[in-house]
Amino acid sequence: MYIIDNKSYPCCTSVTMRFIGGKWKAVILHHLINGAKRYNELRKDIPTITERTLSLQLKQLEEDNIIDRKVYTEKPPLMVEYTLTDFGRTLLPVLEAITQWGIAAPDNSKKIIKN
């Protein structure tokens with residue numbers, strides 16, 4: 001049994017899913033693999049996510065120490081960048097496996113159509 005923020009998780013897989021589960025977190029992390037991105041860059045990279053959802057997911061990932069949010073205020077306009085933390089980088093093998101599975105999935109499932 002694992003406990004995170006006073007909530008119990010029955011196994012190690014549920015702990016992993018606590019951090020990257022849901023529709024968007026792994027997608028956001030995938031787009032941060034190659035380095036820092038600004039909010040608007042992420043919005044362009046993930047056009048089907050709503051602004052509210054992106055903001056909430058980024059906030060959760062930051063609170064979980066998966067990503068780092070850096071605000072640059074030296075000169076206008078204000079700029080915010082998101083990067084993977086060292087803890088977030090430990091998820092790279094998991095994200096790579098998810099990516100590879102997604103690449104191969106259309107060849108293995110009649111339900112998936114790749115455009």
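Biologist: What is the strand order in the open sheet of three strands, and which way does the pairing run?

Modeller: The order is β3-β5-β4, and the pairing is antiparallel. Keep in mind that this is a predicted model.

Biologist: Why are β3 and β4 said to stand at the edges?

Modeller: Each of them, β3 (37-38) and β4 (67-72), has a single partner strand, so one side of each is left without a neighbour in the sheet.

Biologist: What makes β3 and β5 count as paired?

Modeller: Two strands pair if there are at least two bridges between them. Two bridges join β3 to β5 (residues 79-84), so the pair meets that cut-off. As for a partner you can look up, lysine 37 is bridged to tyrosine 82 in β5.

Biologist: Which helix packs on the sheet, and which strands does that helix touch?

Modeller: That's α2 (residues 25-32), touching β3, β4 and β5. The direction of α2 makes about 100° with that of β5.

Biologist: Which residues of α2 are buried, and what puts them on the same side of the helix?

Modeller: The buried ones are Lys25, Ala26, Ile28, Leu29 and Leu32. They cover an arc of only 160° around the axis, which puts them on the same side of α2.

Biologist: Which residues does histidine 30 contact, leaving aside neighbours within four places in sequence?

Modeller: Leu95 and Thr99.

Biologist: Where do those residues turn up again in the lining of the largest pocket?

Modeller: His30, Leu95 and Thr99 are among the lining residues, together with others including Trp24, Val27, His31 and Ile98. The pocket has a volume of about 260 Å³.

Biologist: Which helices each supply at least two residues of that lining?

Modeller: α2 and α6 (92-108).

Biologist: How many helices and strands does the protein have, and what percentage of its residues count as buried?

Modeller: There are six helices and five strands, running β-β-α-α-β-α-α-β-β-α-α from the N terminus on. Of the 115 residues, 29% count as buried.

Terms used
Residues are numbered from 1 along each chain as its sequence is written. This is a predicted model: local features need pLDDT of at least 70, side-chain atom pairs count only at pLDDT 80 or more; totals for chains, interfaces and linings use all residues. Side-chain values use heavy atoms; hydrogens and water are left out. Helices (H or I, at least four residues) and strands (E, at least two) are DSSP runs, numbered from the N terminus. Contact means heavy atoms within 4.5 Å. Axes are lines fitted to C-alpha atoms, for helices over the stretch in contact, and angles run from 0 to 180 degrees between N-to-C directions. Buried means under 20% relative accessible area, exposed over 50%, partly exposed in between (1.4 Å probe, protein chains only). The arc is that of the directions from the helix axis to the C-beta atoms. On a 1 Å grid over the protein atoms alone, a cavity is a set of points where a 1.4 Å probe fits but cannot get out, and a pocket is an open set with protein on both sides within 12 Å along at least five of seven lines; lining residues have an atom within 4 Å of a point. Grid points are joined across faces, edges and corners, and a volume is the space filled by probe spheres set on the points.
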